[in-house]
Amino acid sequence: MAPSRPFSEYGKRRPGGGARLRSQRGRIAQNWWSQRFVDALERGGDRGRLERGRTYARAGQVVELRPRPGAVGARVQGSRPRPYLVEVTVRRWTPAEVDAVVATVVENPLLLAPLFSGDVPPGLVDLLAGIGVELLPTDAEVTYDCSCPDDGEPCKHAAAVVYALAEQLDATPATTLTLRGVELPGLLRRITDAASGPSDPVEDLAVHVGSFHRLAGDLPDLGLRDRVPGRTVADDLDELVLGPGAAGTADALRPWYVALAQRAGGQSRA
């Protein structure tokens, strides 16, 4: 940031036109995950800058807020005509930490339902903390950058971004994963793949094409009776199967079956 200047030189802020926070008084962060994120900000921030940051956030001075893996970019309207550019960076999880998250959820499948609904269950945070993986960043894992001339870290514009982000975290808790560099859909795919285990190799059916229509051997003996000369399929029709009133049906069909058998025999001899 630029060298520090007295606040009196900055001038009066211009109307921002951004979305005003729902919380216009009292605590901004309503849930435990967003409150812990705000706590990381307030532990190391200047009280005056934090207070002005809350005022900025509530007044709609944060005109743009763009969370992305490992950071959140924003534009904050201050006293100058053009909004200040703010970047809040969070330390990303290492690949080993992401592997630990996947393994933890696989070992505790009850965590899957809340994750698929976009929630972050408190049990996951506690289990991860038990193995040394923190979901919510500490103040040492967060850095602030702003194009304003104030060299405070965070300045009021960066503080406004964090307060606006905290309210967004209330509505979309999975954004906490994004700040750690992990998108929820990709994490869920890794978890489901790990839970299902390796797939069986797929057999290459192309190697069987040549022998597909070739008889592999003699047909088994099915125990069929030899045909009785002069007997047709009609003689095997059961009156019980044909139903009541079907007497004489077999006699009516017999000439047709005899004709078909004779025709088939003539074709086979040809």
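Predicted model: local features only at pLDDT ≥ 70, side-chain atom pairs only at ≥ 80, totals over all residues.
## Overall architecture

The protein chain comprises 10 helices and 4 strands. Read from the N terminus, its elements follow the order α-α-β-β-β-α-α-α-β-α-α-α-α-α.

The protein chain has 270 residues, of which 37% count as buried. When contacts between residues at least 6 apart in sequence are considered, 71% of them join residues at least 24 apart.

## Helix α1 and its surroundings

Helix α1 spans residues 32-44, a total of 13 residues. From its first C-alpha to its last it reaches 19 Å, which is close to the 18 Å expected at 1.5 Å a residue.

The buried residues in α1 are Trp33, Ser34, Gln35, Phe37, Val38, Ala40 and Leu41. An α-helix has 3.6 residues a turn, so residues three or four places apart point the same way. The elements that cover the buried residues of α1 include the helices α2 (47-58), α6 (156-171) and α7 (175-179), together with β4 (142-146).

## Packing of α1 against α6

The axes of α1 and α6 cross at roughly 165 degrees and come within 8 Å. Because angles over 145 degrees count as roughly antiparallel, α1 and α6 are roughly antiparallel to each other. Their crossing is right-handed.

On the α1 side, the contact involves Trp33, Ser34, Phe37, Val38, Leu41 and Glu42. These residues meet Ala159, Val162, Tyr163, Leu165, Ala166, Leu169 and Asp170 in α6. By class, the residues of the contact of α1 with α6 divide into 10 nonpolar, 1 polar and 2 charged. Of the α1 residues in this contact, Trp33, Ser34, Phe37, Val38 and Leu41 are among those that are buried.

## Packing of α2 against α6

Helix α2 also packs with α6, at an angle of about 55 degrees and with the axes 7 Å apart. The arrangement of α2 relative to α6 is therefore oblique. The crossing of α2 with α6 is right-handed.

From α2, the residues Arg49, Leu50, Arg52, Gly53, Arg54, Tyr56 and Ala57 make the contact. Their partners in α6 are Lys156, His157, Ala159, Ala160, Tyr163 and Ala164. The contact of α2 with α6 has 7 nonpolar, 2 polar and 4 charged residues.

## Residues of α6 in both contacts

Ala159 and Tyr163 of α6 take part in the contact with α1 and also in the contact with α2.

How values were computed
Residues numbered from 1 in each chain as written. Heavy atoms only, no water. Helix = DSSP H or I, 4+ residues; strand = E, 2+ residues; numbered from the N terminus. Expected span 1.5 Å × (residues − 1). Buried < 20%, exposed > 50% of the residue type's maximum accessible area, 1.4 Å probe, protein only. Contact = heavy atoms within 4.5 Å. Axes fitted to C-alpha atoms, helices over the stretch in contact; angles between N-to-C directions. Parallel < 35°, antiparallel > 145°, perpendicular 65-115°, else oblique. Left-handed = near helix turned anticlockwise from the far one by under 90°. Nonpolar A, V, L, I, M, F, W, Y, C, P; charged D, E, K, R; others polar.
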